[in-house]
Amino acid sequence: MQKIKKGDEVIVVAGKDKGRRGTVVRVMRDDNKVVVENVNMVKRHMRGNPQRGESGGIQEKEAPVDLSNVQLYNHKAGKGDRVGIKVMEDGRKARYFKSNNEFVDV
């Protein structure tokens, strides 16, 4: 089970975007990276393709952030928090915040 999933709200704890919050757009498990909405924006010089209807120019897009540089955002604590995984009585696995033992997605 993954500790951070697509759609989670995370906070960046290291790097140039430290302190910014956003929603996870994509998780790349092979590379241990996540793409977070409006975080780690980079500029790419794109060549246009008239057959596809793509315009050229400088475009901004999100670049991946290392998984170790983000934490799941705990709304009750108002800060990023570490996440653990517990096996419940019925055998399902559930994520919980380690600071207050509250379940994330039950």
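Which residue in S8 stands opposite Asn74? The notes below reach the answer in point 3.

1. Basis of the note. This is a predicted model, in which local features need pLDDT of at least 70 and side-chain atom pairs count only at pLDDT 80 or more, while totals for chains, interfaces and linings use all residues. Residues are numbered from 1 along each chain as its sequence is written, and side-chain values use heavy atoms, with hydrogens and water left out.

2. The sheet. Six strands make up an open sheet, ordered S6-S3-S2-S1-S7-S8, with antiparallel pairing. The edge positions belong to strand S6 (65–66) and strand S8 (79–81), each of which pairs on one side only. Strands here are DSSP runs of E with at least two residues, numbered from the N terminus; two strands pair if DSSP finds at least two bridges between them.

3. The S7 and S8 pair. Strand S7 (residues 70–74) is joined to S8 by three bridges in the antiparallel sense. Within this pair, Lys79 is the residue of S8 that stands opposite Asn74.

4. Strands S1, S2 and S3. Three bridges connect strand S1 (residues 9–12) with strand S2 (residues 21–28), again in the antiparallel sense. Ile11 has Arg21 of S2 opposite it. S2 also runs antiparallel to strand S3 (residues 33–36), through four bridges, and Val34 in S3 is the bridge partner of Val27. The hairpin of S2 and S3 has four residues between the strands, and Asn32 in this hairpin adopts a positive phi near 55 degrees.

5. Charges and rings. Arg21 also places its charged end over the ring of Tyr73, at 4.1 Å from the ring's centre. Lys86 lies over the face of Tyr96, 4.5 Å from the ring centre. The criterion is that NZ of Lys or CZ of Arg is within 6 Å of the ring centre and within 35 degrees of the ring normal.

6. The structure contains six salt bridges, defined as a side-chain nitrogen of Lys or Arg within 4 Å of a carboxyl oxygen of Asp or Glu. One of them joins Asp8 and Arg95, whose closest N and O atoms are 2.7 Å apart. This pair links distant parts of the chain, 87 residues apart: Asp8 belongs to the segment before S1 and Arg95 to strand S10 (residues 93–97). Both residues, Asp8 and Arg95, are buried. Buried means under 20% relative accessible area, exposed over 50%, and partly exposed in between, with a 1.4 Å probe and protein chains only.

7. Salt bridges with exposed members. Lys76 and Glu102 form a salt bridge with their closest N and O atoms 3.7 Å apart. Because Lys76 lies in the loop between S7 and S8 and Glu102 in the segment after S10, the pair ties together parts that are 26 residues apart in sequence. Lys76 is exposed at 65% relative accessible area, whereas Glu102 is partly exposed at 28%. Arg52 and Glu54 form another salt bridge, with a closest N and O distance of 3.7 Å. Arg52 is exposed at 64%, and Glu54 is partly exposed at 40%.

8. Lys43. This residue is found in strand S4 (residues 41–46) and is exposed, with a relative accessible area of 54%. Leaving aside residues up to four places away in sequence, Lys43 touches Ile58, Gln59 and Glu60, where contact means heavy atoms within 4.5 Å. Lys43 and Ser99 are separated by 56 residues in sequence and by 38 Å in space, C-alpha to C-alpha.
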